[in-house]
Amino acid sequence: MDIFRAMAEHGHEQLIFNYDKASGLRMIIALHDTTLGPGLGGMRNWRYGSEDEAVADALRLSRGMTYKNSFAGIDFGGSKCVIYNDPDEKSDLLLRAAGRFVEMLGGRIYTGEDVGLTPDDVEALARTTRYLVGRPHKSGDPSKAAALGTYSSICASLRHVFGSAEPKDRHVAIQGAGNVGSDLARRLVADGAKVTICDLKPERAQAVADATGATVVPSDAIYDVACDVFSPCALGLILNPQTLPRLKAKIVCGSANNQLETPETAEQLRRMGILYAPDFIVNGGGIVNIADEFEDGGYQRERAFQRVAQIGERLLAVFRRAEAEGITTSAAAERIAEDRIAAIAQQQRYFVPQRP
Ligand code: NAD
């Protein structure tokens with residue numbers, strides 16, 4: 001890979017290669033844009049096929065965090081830590097080293113749990129770095145906040161399409177009965193919505209059905225459900241040429257990351273008359289919840305959840321801008337995030353005297 005060309009393509013600030021001889025740690029830290037504040041993004045440990053793949057993922061994910069954080073209205077830039085070791089090789093020593101490399105950036109980035117890292121791993125990192133978020137004694141597990149943000153986004157999408165934000169008597173098909181999907185189902189059923197749910201592990205979907213009265217379908221059948229909202233809450237890349245023709249929903253709004261197989265998929269959904277709520281906005285509840293750790297007095301769940309519940313309002317602005325400019329909702333969301341960064345960068349021109 002031509003690294004500088006790859007960085008120039010989307011304006012990345014820094015790409016840091018960290019190697020620890022004692023543990024064999026190979027960690028890439030990508031900082032995309034820190035106009036708004038320190039980089040904030042998780043630490044991922046994945047079995048990458050090659051170094052190039054790991055670098056490409058770090059660049060892509062850190063850029064995604066810039067947009068997610070800017071759109072969420074928090075004062076953080078975009079960064080990501082990517083560990084390029086087999087997750088089975090993870091050791092105490094390796095995590096210690098990873099923590100030290102984060103620490104030596106002196107607060108230029110904050111990180112936390114992501115794919116391939118457990119809450120215990122994050123506690124292990126805490127022995128060598130202070131720059132961690134989402135620890136159990138602070139904001140903790142973000143999935144309830146992510147579910148609330150998804151719920152708020154579904155209500156806003158209903159309002160935009162049907163004129164009423166009420167989930168009552170609306171039908172929502174949820175893909176994935178994990179932490180987010182199951183909590184979302186509970187909220188929607190409590191509001192009088194009809195919920196259909198599936199999971200690759202059918203017992204998870206069945207547990208939700210037993211608790212809420214939702215209907216269970218086999219995993220692959222979820223795309224064919226005649227419903228108002230299709231809510232992907234499992235894995236990414238599920239909106240693609242195979243699944244799009246099967247969708248019967250008027251709205252796609254779920255928490256899963258990277259739902260679109262390609263950026264063009266957003267345009268295809270637009271042409272099909274399906275309202276797509278961009279995933280990085282819908283699942284922003286997790287990051288809004290975490291950002292509350294930095295408020296005066298530290299994390300307060302009630303205040304954090306109040307902010308998360310406002311995600312729907314922000315989403316409505318995206319829908320309006322997309323319509324006004326004749327662009328996809330994804331493009332509109334990106335423009336709003338970029339406008340915020342540009343406006344704050346503009347204010348940073350003002351000279352502020354420092355004490356000598
Ligand atoms: P989870 O691991 O608890 O649940 C995901 C569920 O999806 C699992 O039960 C899994 O068996 C199921 N699944 C996987 N592939 C499937 C398929 N093809 N069809 C049906 N079910 C399938 O994860 P989660 O915390 O509920 O998160 C759900 C999604 O939301 C993920 O994409 C995650 O990245 C994203 N997200 C989560 C959070 C959070 O705070 N938990 C925050 C932001 C984004």
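This is a predicted model: local features need pLDDT of at least 70, side-chain atom pairs count only at pLDDT 80 or more; totals for chains, interfaces and linings use all residues.
# Briefing: ligand shell, cavity and selected residues

Gly326 is found in the loop between helix H12 (311-325) and helix H13 (329-347). The points below treat the ligand, the cavity and then several individual residues.

**The surroundings of the ligand**

- Asp199 places a polar side-chain atom 2.6 Å from an oxygen atom of the ligand.
- For Asn179, the atom concerned is a backbone N or O, which lies 3.0 Å from an oxygen atom of the ligand.
- Pro142 likewise has a backbone N or O atom at 3.5 Å from an oxygen atom of the ligand.
- On its own, the ligand has 830 Å² of accessible area, and the protein covers 75% of that area.

**The largest cavity**

- About 30 Å³ of space lies in the largest cavity.
- The residues that line this cavity are Lys68, Phe71, Ala72, Phe280, Ile281, Gly284, Val288 and Ile311.
- Two or more residues of the lining come from each of two elements, helix H2 (51-71) and helix H9 (279-282).
- The lining divides into six nonpolar residues, one polar residue and one charged residue.

**Buried residues and their contacts**

- Thr129 is found in the loop between helix H4 (119-125) and H5.
- The relative accessibility of Thr129 is 5%, so this residue counts as buried, given that buried means under 20%.
- The side chain of Thr129 is joined to the side chain of Glu103 by a polar contact of 2.9 Å.
- Asn240 has its place in the loop between strand E10 (229-232) and strand E11 (251-252).
- With a relative accessible area of 9%, Asn240 is buried.
- A polar atom of the Asn240 side chain lies 3.1 Å from the backbone oxygen of Leu237.

**Partly exposed residues**

- Gly326 counts as partly exposed because its relative accessibility is 41%, a value between the limits of 20% and 50%.
- Ala56 is placed in helix H2, which also gives two or more residues to the lining of the largest cavity.
- At 35% relative accessibility, Ala56 counts as partly exposed.

**Residues with positive phi**

- Asp169 is not a glycine, yet its phi is positive, at about 65°.
- The loop that holds Asp169 runs between H5 and strand E7 (171-175).
- Asp169 counts as exposed because its relative accessibility is 62%, and exposed means over 50%.
- Asn258, another residue other than glycine, has a positive phi near 50°.
- Asn258 lies in the loop between E11 and helix H8 (264-271).
- The relative accessible area of Asn258 is 37%, so Asn258 is partly exposed.

**Separation in sequence and in space**

- Gly326 and Arg270 are 56 residues apart in sequence, and their C-alpha atoms are 9.9 Å apart in space.
- Leu158 and Phe319 stand 161 residues apart in sequence, with 12 Å from C-alpha to C-alpha.
- Ala56 and Gly107 are 51 residues apart along the chain, and 24 Å separates their C-alpha atoms.

Definitions and conventions:
Residues are numbered from 1 along each chain as its sequence is written. Side-chain values use heavy atoms; hydrogens and water are left out. On a 1 Å grid over the protein atoms alone, a cavity is a set of points where a 1.4 Å probe fits but cannot get out, and a pocket is an open set with protein on both sides within 12 Å along at least five of seven lines; lining residues have an atom within 4 Å of a point. Grid points are joined across faces, edges and corners, and a volume is the space filled by probe spheres set on the points. Helices (H or I, at least four residues) and strands (E, at least two) are DSSP runs, numbered from the N terminus. Ala, Val, Leu, Ile, Met, Phe, Trp, Tyr, Cys and Pro count as nonpolar, Asp, Glu, Lys and Arg as charged, and the others, Gly among them, as polar. A polar contact is a pair of N or O atoms within 3.5 Å; within protein, one must be able to donate a hydrogen and the other to accept it, and residues adjacent in sequence count only if both atoms are side-chain atoms. Accessible areas come from the Shrake-Rupley method with a 1.4 Å probe; for residues, only the protein chains shown count as cover. Buried means under 20% relative accessible area, exposed over 50%, partly exposed in between (1.4 Å probe, protein chains only).
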